[in-house]
Amino acid sequence: MTGVLEAITETTADGRHRPAAIFGKLLIFFMLATSLWSIATPLMAYPDEPAHTIKAVAVVRGQVTVEEGTSFGHGVHVRVPSYIANLVSQSCVAFKRDITADCAPPIPSSDNFEAIGVTSAGSYNPLYYWIVGVPTLVMSGAPAIYAMRIVSALLSAVFYAAAFTALLQLRRPKWPLITASIAVTPMALFLASGINPNSLEIAATVAAFCSLLPILESSRSLGRVKPAIATVGIATAVLANTRSVSLVWLLCAILAACVLFRWRDFAALFTNRLVRITIGVGTLGVVAGLGWMVVSMRGPSASGTAPELIANATNNVAPYQAFVTMIDRTWDYLVQYIGVMGWLDTSLPQIVIAFWTMLILVAILMPLTVRPRRQVWGYVAILLSVSIVPAIIQAVLIRSAGFIWQGRYTMPLFIVLLISAGMLWRGHALRPTARNQTLGRLLIISGLVAHVIAFAYVLRRYVAGLTDISTWQTMLSNPSWQPPLGWIALTVIYTIVIFWGARALYAVLFPGTSLVPFGLTKKRQKSAQPSM
């Protein structure tokens with residue numbers, strides 16, 4: 001842990017943090033945090049996880065496009081090992097808060113004969129699935145599916161680590177770092193640990209946006225932000241080949257970054273050779289993503305819902321009605337940004353929701369007080385986009401897909417909004433006064449506790465069920481299900497990992513001090529100098 005703190009707080013002569021010294025440490029942190037969620041959550045307990053798992057196993061075995069005669073309205077039929085084809089039975093906990101995870105039958109590792117599986121993700125871009133499906137080529141049964149989850153978690157961890165590394169390259173990184181940390185809610189970590197391309201979409205959008213910020217700030221001295229430039233190119237190519245809507249989030253992220261700086265900062269980028277190469281790489285990725293959309297649209301129907309059901313559900317809903325409804329529900333999705341786990345069936349305890357709601361509202365409102373006012377208008381545009389962009393997308397899709405929107409779909413844009421709030425507020429120095437340090441400790445330790453409560457509560461939902469008579473005591477006295485390693489061990493390890501991250505965050509905000517001040521000498525406390 002000491003090595004992580006030293007790496008994260010190490011700075012260059014101009015006060016910026018060394019990207020090579022911190023990326024690996026951040027990657028370890030995010031990898032551990034998301035992998036623990038992967039292990040703690042029962043198999044197929046993530047939204048649409050069976051469909052995406054079947055798709056990944058099929059793609060890695062060469063079934064990339066949808067063949068004629070394999071789509072029957074309710075999904076695409078693919079040839080996969082039988083233990084994969086039967087994964088729907090693992091979803092017995094979906095929408096049933098009182099059912100524990102022991103309802104799922106065992107997954108036999110020897111059940112490898114070829115069978116027909118059905119996936120509603122048949123027409124999705126194969127890039128994510130190619131990578132995530134690899135473990136099933138060398139493993140079988142439940143271990144193979146857990147390995148798929150961990151590979152998916154690693155992909156998200158790479159981009160989250162790159163995003164935070166990029167923020168630390170800013171001249172005044174503290175407030176963007178604070179709001180980015182607020183944005184990493186329990187829901188963000190939960191989603192990053194399941195088998196679903198939505199996880200990679202969120203992380204890659206955040207990485208692209210955060211990496212653009214130091215690039216625009218250093219538009220006339222780009223040599224110091226080469227890793228961030230590379231991250232933008234990679235994130236762009238990946239986003240373009242994740243989900244069809246991902247290009248919308250990429251465009252929003254680029255525009256949001258640009259409105260936070262001057263136009264001449266953006267224009268100056270095109271004089272740099274590395275930037276032009278990066279644009280070329282990103283463009284190739286976008287072309288590949290658009291090409292796949294054309295291929296998938298020409299294939300047979302791969303809808304997960306029968307067309308007649310969509311028609312019956314939406315024939316009286318006009319696009320403008322869907323748009324207005326989405327505008328009206330904009331902030332109803334806030335609780336889903338914080339934590340509605342499982343198949344949207346397990347909302348976190350109200351104390352956790354209330355704590356994060358407080359932080360989010362304060363973060364969003366603070367920039368509206370910034371002077372001069374002209375700096376606020378770009379931020380207001382980003383704020384409005386959280387309502388308007390999803391509403392437009394849902395209005396367009398209402399006839400073909402029905403009313404499908406969930407809070408997790410807007411999370412890329414929501415996280416961009418919170419980090420943008422920190423960018424506008426960074427002109428206000430976070431001085432290492434005794435009061436600021438005490439407040440920092442209080443909020444960071446509260447965040448640590450909230451993360452741990454969220455993790456333990458989701459375990460409780462699957463170990464003991466959320467019934468009128470089940471309590472925390474039930475987890476100890478009468479657990480019906482246990483994850484690998486057991487729920488107690490996982491909770492202890494998770495607490496240690498989150499404490500590690502919390503301590504590192506505090507060390508960046510208040511150099512020379514500790515989140516747990518016991519044993520600090522007065523001499524060391526006095527040596528801390530403000531860096532903002």
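**Salt bridges, core and strands**

Glutamate 217 is buried in this predicted model, with a relative accessible area of 12%. Its salt-bridge partner is arginine 171, with N and O 3.8 Å apart. The two link distant parts of the chain: glutamate 217 sits in helix α9 (residues 197–217), while arginine 171 is in the loop between α6 and α7, 46 residues away. Arginine 171 is partly exposed, at 44% relative accessible area.

In total, the structure holds six salt bridges. Another of them joins arginine 149 to glutamate 49, whose closest N and O atoms are 2.9 Å apart. Arginine 149 belongs to helix α6 and glutamate 49 to helix α3 (residues 49–59), so this pair ties together parts that are 100 residues apart in sequence. Arginine 149 is buried, at 0% relative accessible area, and glutamate 49 is buried at 0% too. Aspartate 345 and arginine 461 also meet in a salt bridge, at 3.4 Å from N to O, and both residues are buried.

Then there's the largest nonpolar core, with 170 residues; among those touching the most other members are Phe30, Trp37 and Phe209. Helix α6 (residues 141–167) gives the most to this core, 14 residues. Away from its sequence neighbours within four places, phenylalanine 209 is in contact with residues including Ala253, Leu260, Val416 and Ile419.

As for strands, β1 (residues 76–81) and β2 run antiparallel, joined by six bridges, and valine 80 stands opposite alanine 115 in β2. Strand β2 (residues 114–119) has Ala115, Gly117 and Thr119 on its covered face, with Glu114, Ile116 and Val118 on the uncovered one.

Conventions
Residues are numbered from 1 along each chain as its sequence is written. This is a predicted model: local features need pLDDT of at least 70, side-chain atom pairs count only at pLDDT 80 or more; totals for chains, interfaces and linings use all residues. Side-chain values use heavy atoms; hydrogens and water are left out. A nonpolar core is a set of buried Ala, Val, Leu, Ile, Met, Phe, Trp, Tyr and Cys residues joined through side-chain atoms within 4.5 Å. Buried means under 20% relative accessible area, exposed over 50%, partly exposed in between (1.4 Å probe, protein chains only). Helices (H or I, at least four residues) and strands (E, at least two) are DSSP runs, numbered from the N terminus. Contact means heavy atoms within 4.5 Å. Two strands pair if DSSP finds at least two bridges between them. A salt bridge is a side-chain nitrogen of Lys or Arg within 4 Å of a carboxyl oxygen of Asp or Glu.
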